[in-house]
Structures are given as structure tokens and as C-alpha cells.
Amino acid sequence: MPANAIALDATDRTEFGKGSARRARHAGQVPAVVYGHGTEPRHLLLDEHATRLALRGNENALVELSVGGETLLAIAKDVQRHPIRPGVQHVDFLLVNRNEKVEVEVPVVVTGEPAPSTIHMIELAHVLVSAPAIAIPESIDVDITGVEAGTAIRVADLTLPEGVEAITEADADVVNVAAGAVAASAEADVAGESPADAE
């Protein structure tokens with residue numbers, strides 16, 4: 001098993017329809033489907049709690065599914081979550097092998113603080129990349145420490161892990177740093193008067 005793969009036990013799903021899905025969820029299970037590599041989609045049931053933990057904080061989690069003595073290596077492609085309470089409703093998995101590359105959207109995480117009196121805006125929350133199936137980054141970090149106003153950090157400026165290539169256009173803006181509100185204006189607003197009134 002690849003070092004970063006999460007092991008999950010699964011069983012083949014034999015009943016279908018909304019009623020059976022509802023019963024499965026009531027029993028603490030989550031329906032899932034695995035597809036890819038030209039195979040017929042395979043319908044499974046997984047433990048909901050274990051699945052929720054496996055997929056927490058990682059949109060492209062690599063998992064090793066154990067089904068009746070068979071092992072399937074896959075990545076999460078679509079996760080349906082409960083709209084109100086914590087819980088996974090359904091998962092689509094894509095079959096992969098350890099030697100292939102896959103296209104995935106990886107979330108952008110901003111680190112550091114820009115230059116004083118500036119603010120940053122995330123223009124691109126995810127970047128589409130091609131990455132080894134067994135080494136998909138959980139996030140792409142963008143360090144904005146000391147970045148001045150008027151600076152745009154583009155896809156071409158990103159530092160990507162070895163073996164990972166951006167598919168999103170190189171000139172697409174990821175983060176923009178702009179001048180923040182003038183301090184005097186902010187103080188005047190708090191006092192209920194304009195900077196001119198304050199003079």
C-alpha cells in the first residue's frame with residue numbers, strides 16, 4: 001500500500017434505490033461507487049465514520065479499498081456531504097494505479113502576511129494539476145509574506161511539488177494583493193465623521 005493511502009473496508013452493495021440508501025445511512029454506512037480503467041462501475045458500502053475521517057481535509061484522498069479479499073486503489077472524485085450535520089452521504093471513487101498521473105483540482109492555501117496596509121484576495125480557490133496518483137498534494141501553498149500592493153501571483157509563479165504540473169493557464173491570477181483602506185478614513189468612520197470633518 002502506498003504510504004499515504006488510507007485503508008478502508010468495503011462490502012459490495014446488493015440493494016439499490018433511495019430506500020436502500022436511506023437504510024444504509026441509518027445503519028452507519030455510506031453508499032459509494034468505484035469506476036475507471038474501463039471497468040464497470042462497482043457499487044459499495046463503507047463505514048460512514050471511517051469514511052468521513054479518511055476524507056476530512058483532503059479533497060483528493062488516496063484510499064485503498066478492501067472488498068472481499070480484493071484491494072482497489074482509488075482517489076475520491078466527488079463527495080456528497082450532509083447539508084446540515086457532519087456526515088458523508090455518497091462518494092465517487094476513481095480507480096488508479098501507482099504508476100499513473102491523474103488530473104485533480106487542488107485547493108489553494110494562503111500563508112504569511114502581505115506588506116502593511118494591504119489586503120489579499122484569492123482569485124482562484126483551486127488549481128487544476130496533473131499529479132502522480134500516489135503523490136497528490138493536499139493543497140498548494142501561496143506565501144504572500146511581505147508582498148506589496150499591486151502584485152498578482154499567477155499560476156506560473158506557484159511552487160509545485162516534484163512531478164506535479166499545472167494544467168490551469170499559466171497567466172491565471174491566483175492571489176492579488178491590493179492597498180487596504182486608508183487608516184484615517186477607517187478611524188473617521190468609527191467616529192462618525194469624514195476625514196475632512198475631523199480637520
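Tutor: Two strands are said to pair if DSSP finds at least two bridges between them. The model discussed here is a predicted one.

Student: Which residue of S13 stands opposite His120?

Tutor: Val177 in S13 is the residue opposite His120.

Student: How many bridges join S8 to S13?

Tutor: Five bridges join S8 to S13, and the two strands run antiparallel.

Student: What is the strand order in that sheet?

Tutor: The order is S8-S13-S11, in an open sheet of three strands with antiparallel pairing. S8 and strand S11 (151–154) are the edge strands, each pairing on one side only. On average, neighbouring strands of this sheet are turned by 15° against each other, direction ignored.

Student: Moving on to Thr168, where does Thr168 lie?

Tutor: Thr168 belongs to the loop between strand S12 (165–166) and strand S13 (173–179).

Student: Is Thr168 buried or exposed?

Tutor: Thr168 counts as buried because its relative accessible area is 19%, and the cut-off for buried is under 20%.

Student: What is Thr168 in contact with, leaving aside neighbours within four places in sequence?

Tutor: The contacts of Thr168 beyond those neighbours are Leu124, Val127, Leu128 and Val155. For Leu128, the backbone nitrogen lies 2.9 Å from a polar atom of the Thr168 side chain.

Student: Another topic: which value is phi of Ser117 near?

Tutor: Phi of Ser117 is near 65°, a positive value in a residue other than glycine. Ser117 sits in the loop between strand S7 (101–111) and strand S8 (118–122), and Ser117 is exposed, at 64% relative accessibility.

Student: And what about phi of His37?

Tutor: Phi of His37 is also positive, near 55°. His37 is in the loop between strand S2 (29–36) and strand S3 (39–47).

Methods: Residues numbered from 1 in each chain as written. Predicted model: local features only at pLDDT ≥ 70, side-chain atom pairs only at ≥ 80, totals over all residues. Heavy atoms only, no water. Helix = DSSP H or I, 4+ residues; strand = E, 2+ residues; numbered from the N terminus. Buried < 20%, exposed > 50% of the residue type's maximum accessible area, 1.4 Å probe, protein only. Polar contact = N/O pair within 3.5 Å; in protein donor to acceptor, adjacent residues only side chain to side chain. Contact = heavy atoms within 4.5 Å. Axes fitted to C-alpha atoms, helices over the stretch in contact; angles between N-to-C directions.
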